Amino acid sequence: MAVSYMDFTSPSAQFAYDLRNNPAFIKDERNYFNLLSIKQLNTLGNMSMLDTYLDKGNAIEPHYHQNASELVYCISGEIIVSIINPFTKELRHYAIRPGQTASVPQGWWHYDTAAVDGTHFLAIFDAPIPEIIPASDMLRLTPAEVFAHVYCLDEAKVKEAFAPLNQTVIIGPPKGCQKATQSAHYQPQPNPAFSAHSPYNQGYGLRPYQQSDGNPQRPQAIGNGWAHLYHNGP
């Protein structure tokens, strides 16, 4: 297979990009992510990134990346990264706050849940374009009779349970979900091995559990970290 190399002297070489120009998925104005890949920044090399914003109870649905490992870095709020270890058969929850990270090896099943409003995190991949296989696609595209046969389930109940899954979800709960109010209170419980947290933004001159988006004129409060995306004033 031919290997292509980037000519860094070319006038077409790109060295900067505004992620706001490439929203990859939008549930609503407070739950969405922007994508940076080699398609947006051709000098990027073997890496890519999702810039993600979620409110409390919203989650990136269960999925895996068949072509990349993932590093999750929390900027504001709190994100709970849930991972199934395929070797130990354990489900582990890692709650990370600003300045903390969680690693998801390539091909591992995982999902991400916001624990507070205004959560902002980066998902960084070691691939030029991240690929994803989401649970919603596998559940809605696999015939109900297959689940019923393989797992000895009631086919009618399987069909009823999965009937609302008529499209890829990505960020759940879907808009219009009647259980959305209840879902907002859903929060996986972090494992004891990773339960000791430092205060929000510790070491950056802010009081515990206080956040700032860097504008000294804007009030500093949990959940306002993305206000600058929608207006330029304080």
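Select C152 first. In this predicted model, C152 is exposed, with a relative accessible area of 71%. C152 sits in the loop between α2 and α3 (155–162). Check its backbone: phi is positive, about 55 degrees, although C152 is not a glycine. Most residues other than glycine have a negative phi.

Now select C177. C177 is partly exposed, at 29% relative accessibility. How many disulfides are there? The count is zero. A disulfide would need a pair of cysteine sulfur atoms within 2.5 Å.

Helix α2 covers residues 144–151 and holds V146. V146 is partly exposed, at 37% relative accessibility.

Move on to I170. I170 lies in the loop between α3 and β12. Its phi is near 65 degrees, again a positive value in a residue other than glycine. Is I170 buried or exposed? I170 counts as buried because its relative accessibility is 13%, and the cut-off for buried is under 20%.

Next, show the bond from G172 to P173. This peptide bond is cis, with omega near 0 degrees. Most peptide bonds are trans. P173 itself belongs to the loop between β12 (171–172) and α4 (180–183).

Select L54, I79, V81 and I96. They have the most contacts inside the largest nonpolar core, a set of 22 residues. Which elements give two or more residues to this core? Colour these strands to see them:

- β2 (31–36) and β3 (48–54)
- β5 (70–76) and β6 (79–85)
- β8 (101–104) and β10 (119–125)

Then pick L19, L44, M49 and L122. These four are among the six residues of another core, which lies apart from the largest one.

Finish with the whole chain in view. The protein chain has four helices and twelve strands. Of its 234 residues, 41% count as buried. Now display the contacts. Among those between residues at least 6 apart in sequence, 69% join residues at least 24 apart. The chain exposes about 13,500 Å². Carbon and sulfur atoms supply 56% of that area.

Conventions: Residues numbered from 1 in each chain as written. Predicted model: local features only at pLDDT ≥ 70, side-chain atom pairs only at ≥ 80, totals over all residues. Heavy atoms only, no water. Buried < 20%, exposed > 50% of the residue type's maximum accessible area, 1.4 Å probe, protein only. Core = buried A, V, L, I, M, F, W, Y, C linked by side-chain atoms within 4.5 Å. Contact = heavy atoms within 4.5 Å. Areas by Shrake-Rupley, 256 points an atom, 1.4 Å probe, with all protein chains shown as cover.
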